[in-house]
Every structure is written in structure tokens, then in C-alpha cells.
Amino acid sequence: MAVVRTITGKCKRCYTCVRNCPVKAISVEQGMAQVLEDFCVSCGTCVRFCNQKAKEVVTDVPQVKRAFVDNAEVVALLAPSFPASFHDCSPQQLIAALRVLGFTKVVEVAYGAELVGRESRRLLFNPKVPKPIIASPCPVVVFLIEKHFPHLLPHLAPVVSPMIAMGRYLRGNEHGTPATLVFIGPCIAKKQEIRDPNLAGVIDYALTFREVKEMLQERGLDPTRLNGVPFDPPHPGEGRIFPLMGGILKSGGIGTDILDRRVAIIEGHHETMEFLSTFEEHSPDQEFIDILFCRGCIDGVEIDTNLSHLQKTRKIQELVGESRHLNPSSLPEINLARRYENRKRQLVEPTDEQINLILTSFGKRSPEDQLNCGACGYKTCRDKARAVFHGFAEPEMCLPHIIRQLEESCTELKFSHEQLKKAQDELVHSEKLASLGQLSAGVAHELNNPLGGILLFSNILLDRTKKLQEGGVPEELDVIVKEATRCRNIVRGLLDFARQSKLQRAQVDLVALLREIVSLETRAAPPGLRAEETFDPQLPPCQLDPVQFRQALTNIIHNAIEAMPQGGVLTVSARQVPGTQQIEVVIGDTGVGIPEENLSKLFTPFYTTKGIGKGTGLGLAITYGIVKMHRGTIAVSSKPGQGTRFTILLPLESHAPETPIGFHGKF
Ligand code: ADP
Ligand code: MG
């Protein structure tokens, strides 16, 4: 069982733990980081870096509390880094507090460190022991070698840690004491070490300084208010220096001369990883290597202090200063040997092809796409792809990829939003036209008959007057006939506008239709007007309502000619848009053009800029309706003073039933 686990629900996809885990012992499943026990070295880096406080460490607090009640003897084994954590009180006051808490004895693990130091010195000077020797007190270093660098196992000193040494001493010396032994230290990995099958049964529980502080607080115990009591024997000497850099060397009397090439001190997460991964390159020089994963035990994850590194060092030095010198020969001889195991989990490595396939799945198609930004927690995109292959990472963890996808979605969303807006505008326009159509149909119907009467009788009156009066007709009568004719044209327009509810499709030769309209409309055109026709000879026949479509095109061409009173060029073209099933009809002129602010009003019924009696403002509204009925689109572009262009797009196939846009003319 791993001693660290993720608290479900608190994990927030920041991948900080993946980024900082020195051995990538974190898998991400559905965005949630989980500790991979097979790879985890219990260093607690993920606990240290998780800002969400989503990492939980196994606790023995309830078991220790039960032992206080059930067991006659509960011994606290205090790690030598304690002065750096409990710096407000004296060591003796801390002991007093621990005793009040329920511990029957408080001993210093520094004594175990003396034993380990002596043993290390013996190994160093034993010619039979292969060199270099890697010191073994740091459990993280042991787990690292067992799980990730097992080829270095022969170099790992076969010596227990000071904690186990102390435990063995207590158990052995006190005739297999049935006491409960509780280690108290700054390290999470110690919780794993006491559970190691090769060491099990020596230490019962491991608490951290933080947990002990919480227990004291819970009991309302303030060590600074207590009268101090001394440590229980055995008393250490300079072994108290152990939690500092090179502590084992000092307590083993090996020497820490920085000029001594036979001895190396490695401390800190990066340095440890670098050293272990490049061991072969460095090893020939050294005989003894002291490695601590943290920057000394005073830098342990659960040291729980706000002192600086130097201040913590000073606290340790102060206690060492109070120590007497211990003669190594006065130390007891106890068995400090231990065994290690190769616990490396072999993984099947992916092929290059598999890696590339995974890289593609999160947008890394070419080497330039591989930013190696580390946001996912992996150093390189390839490392991440490898983790995906092993099922430890998810392709979605790639931040640049997610950003790119998000940008694409935003663009798509913007585009569909614009489309939607356009469709909505068209719908509003159609609805407007539909209600106007209904209204026009009603009004036109009512006006048509009386207007017919007025026209008929005014014409009869005109004829009669002409015959009666030789000298010409009165002007008023002429006005009546003209105005009545104008009214009829308006009513006809309204009826046309209202009649667009049904199409009667037939096969239409669009080119012939356009030619005919142009020829008819240009007959009375001003002298300087020229028509240019460009027709696709391959244009397929179209299924159109010939009557209505003629009307639609006539309206546009008529407007175009009207826009060029001084002459100009009328261009008419029709073609099938290459690669599509659409017919495009473009009608252009070099006339007066339309100011931009008027473009949106063009298809609105009764919008006209022509003088009274000249325009009804219904031509383009009718055209718009007819084109829409044919499931087509109509667009206009214009530059004042230069000309105007109308573009109609029509689908070639028109199997789908057209949606009437709502004119229900009865005529
Ligand atoms: P009408 O021709 O009766 O005015 P339309 O609906 O046919 O009504 O046209 C509406 C208005 O659009 C016209 O009055 C004119 O201002 C403008 N228009 C249409 N076609 C053109 C064109 N080719 N060039 C310039 N203006 C145009
Ligand atoms: Mg018109």
C-alpha cells in the first residue's frame, strides 16, 4: 500500500504532482491524479507541492492513541532533526510534553545513528566490501534504488537506518521488549520503511512532527509551559549531527574534507536523481557516497517549521554542542544487517510507430509541434506519449493542444453564430414579407375591381371627349387616366408580390430566358447602353417556375437599366459554380450605385428612391421572395458612382419541397 493517496474531489487537473514527482509515479485518469504504488518512492514531493491539499498521507495516530491506553509501555523514538521542528521549546520540555501525551519513554534515534555511523566506517575500511558504497539511512534513496535503479543494489550499504538500528537495539537489549515503538520524524517515507517486509516488526508506528504537534494541540498541551525532563537512555554523542548534510560521515568519523575525492555528499531531489541516473559515469572516483533525498533530514516534507535552512542547521548544531563525545568502542554490538530487493516493475516499451501515433492523437504531427513545454508534467512530448502508452497519462493533458482546440472551437462557434444571425435576419425578413404579402393581397383584392371600373370609365370618357372636342382634351382628364394607370401598376405589383406562394416548376433554359429579358428590356434603353452577356455553354437546364423567375430577373435588369440613365454597361452572366451543384446568375451595371447604408433596405417592400409615379419599391421584394422560394440566395454589392452587382445562387437539384415563405395571395 502506498503511504500517499489522492483525495478524490480535491484534485484539480493542475498536474503539479506529475511535474514534480521525480519518478513519475502518478497516473492521471479522467483528470484525477493517482499515486502508482509500484513506482512511488514515498518521497512526499507530491504532498509538498500540491496546492489543493489533495494528497493524503497514511496516519498511525489512532493506533498510537489506542496503544497509550492498551500498552504498558509506549516508547517515542525521536528523530535527531526534532530541534528544527520544535524550536520554540527546549528538548527537555518536548520530552515532558510527549510523556504527558502518553509516551512512557522518549529516546533519541541519534543513538541508532551512532551505531550506523560506526558500521558504515567498518564497511568503508573493509577491503572485501565492493566500492563505492552508497549510504542507506535515507529510505527514499533505498526505494529509488530498489524500484528504479536496481542495478545499483550491490552498492547500497547492507545496513539498516538509524531508526531500525534504534528499534533493534531497544528490542534486543530490553530482551525483546513488548513495548510499542513509535518513531517520530520529519519524513513520510519512514511510514513506508516500517512497513517494508524486510524490516517489519521492528518499529510499530511512524508519526511525523506535524502529527505530533496536532496531537499536542488536541490535548491543549503547550511544551513551553512544562518543566523539562531528560531523555531516557541510551544517550547519543555527536550522532545528533545526522540530519545535516554529511551527518553520517561525521558520526562515523569518516571525514568530510571537501578535498577528499573518495567521499561524496549528494543531497536534494535533483542531485539525487542526476547522480543515480549517471552513476556509472561518476562511480570510479568515490568509495563512500552519502545521499539524502532532501537537503538533509531537516528539509523533510513534514518538518513543519518556518525556520530557514540555516536556522534549522543552527538548531541542530546547538544540540550537538551540548553532546559529549562517545567512544565508538563503547557502543554495543547489534545486528545492523539488512536485505534489499529488486522491485523494479518492467514495462513493455512502445515502438516508434506507437509513440508517433499517440503524439498525433494530441496534435503533435511534426517535430515542430512538440513544444516540450512540460505543462503536462512530463519533460518532453515523447515522455508524455510513453506515459499515455502505459496508461499513466491522458492525451488531453496537453495544454497547448487544448488551447489550440479551444481556439478552433471559438472560431467555429463564431462562424456558426454569424450563420445563425444571418438565418435569423432572413427569417425576420421573410416573416415581414409574409405578413405584408397577406395585407397586400387583401388590399389589392379590394382595390382591383373599383380601380378597374375607374380606369375603364376614365378611358371611355377620354375617348368620348377626344371625339367631341377637336381642340384637345382637358388636362384634368389626362391626369385622371395617368394616375389611375399608376394605381393599377401598384396594385399589380402588390398582386405579384402576394402571389408567390406556389411554384410551378418546369425545365427552363436559363440562358434563353436571360437573353430574352435583356433584349426586351434594352429595347427602350438610353442610346449609350450596352449589354454584355457571358453564358456557360455547358449550363444544364434548370427546374424553375418560368413565369415567376422571369419576373424576378426582369425586376433586377429593369432596375439596372434605370440606374444608367446616361448609358453604361449591363453585364449578365450565368454559369454552374465549379465543383458544386449551384447555378450562379450575376447581373451587374455601371450605374449610380447604392450607398452602403441603403443596401440592407433594398429587399424591403415599398423601399424606393425613385420619384412618385416611377417606383413602387416592390420589385426587389418580389425578386427576393421568388429566389427564396427556389431555395436560392440573393446578394448585392455596390459602389456609389461605379455600379451594382446582384448575384443569385440557385441549387441545381430541387427535389426537396420548397418552403413557401408565407404569401397567401388569392389571385
Ligand atoms: P423600385 O425600382 O420600384 O424603386 P425596387 O424594389 O426594384 O423598387 O428597388 C428598390 C430600390 O433599390 C430602388 O428604388 C433603387 O434605389 C435601388 N436599386 C435597385 N437596383 C438598383 C441598381 N441596379 N442600381 C442602383 N440602385 C438600385
Ligand atoms: Mg424596380
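1. A friendly place to start is Arg-382, which is partly exposed at a relative accessible area of 33%. Here buried means under 20% relative accessible area, exposed over 50%, and partly exposed in between, with a 1.4 Å probe and protein chains only. Arg-382 forms a salt bridge with Asp-352, the closest N and O atoms being 3.0 Å apart. Asp-352 lies in helix α15 and Arg-382 in helix α16 (residues 381–389), so this pair ties together parts that are 30 residues apart in sequence. Asp-352 itself counts as exposed, at 55% relative accessibility.

2. Some reading notes. This is a predicted model, in which local features need pLDDT of at least 70 and side-chain atom pairs count only at pLDDT 80 or more, while totals for chains, interfaces and linings use all residues. Residues are numbered from 1 along each chain as its sequence is written, chains are lettered from A and ligands numbered from 1 in the order in which they are written, and side-chain values use heavy atoms, with hydrogens and water left out.

3. Now the overall layout. The domain assignment of the protein chain gives domain 1 (1–58), domain 2 (59–323) and domain 3 (502–667); such bounds come from an automatic or database assignment. Between the C-alpha centres of domain 1 and domain 3 there are 69 Å.

4. Back to salt bridges: the structure holds 31 of them, each being a side-chain nitrogen of Lys or Arg within 4 Å of a carboxyl oxygen of Asp or Glu. In one of these, the side chains of Glu-333 and Arg-118 meet at 3.5 Å, N to O. Glu-333 sits in the loop between α14 (309–321) and α15 (352–361) and Arg-118 in helix α6 (residues 110–124), so the pair ties together parts that are 215 residues apart in sequence. Glu-333 is exposed, with a relative accessible area of 57%, whereas Arg-118 counts as buried at 9%.

5. Helix α6 has a further pair to look at. Glu-119 forms a salt bridge with Arg-122, with 3.4 Å between the closest N and O atoms. Because they are three residues apart in helix α6, Glu-119 and Arg-122 are separated by about one helical turn. Arg-122 is partly exposed, with a relative accessible area of 36%. Arg-118, Glu-119, Arg-122 and Glu-333 are linked in a network of salt bridges.

6. Which helix holds Ser-430? Ser-430 lies in helix α17 (residues 399–468); helices here are DSSP runs (H or I, at least four residues), strands are E runs of at least two, and both are numbered from the N terminus. Ser-430 counts as buried, at 11% relative accessibility. Ser-430 and Leu-347 are 83 residues apart in sequence and 66 Å apart in space, C-alpha to C-alpha.

7. Finally, ligand 1. It is surrounded by 19 residues, the closest being Asn-559, Thr-608, Thr-609, Lys-610 and Leu-620; a residue belongs here if one of its heavy atoms lies within 4 Å. The shell divides into eight nonpolar, nine polar and two charged residues. α20 (546–562), α22 (619–629) and β18 (643–651) each supply at least two residues of this shell.

8. What does ligand 1 contact? An oxygen atom of ligand 1 is 2.6 Å from an N or O atom in the side chain of Lys-610. An oxygen atom of ligand 1 is also 3.0 Å from a polar backbone atom of Thr-616. The protein covers 93% of the 520 Å² of accessible area that ligand 1 has on its own, by the Shrake-Rupley method with a 1.4 Å probe.

Definitions and conventions. Polar contact = N/O pair within 3.5 Å; in protein donor to acceptor, adjacent residues only side chain to side chain. Nonpolar A, V, L, I, M, F, W, Y, C, P; charged D, E, K, R; others polar.
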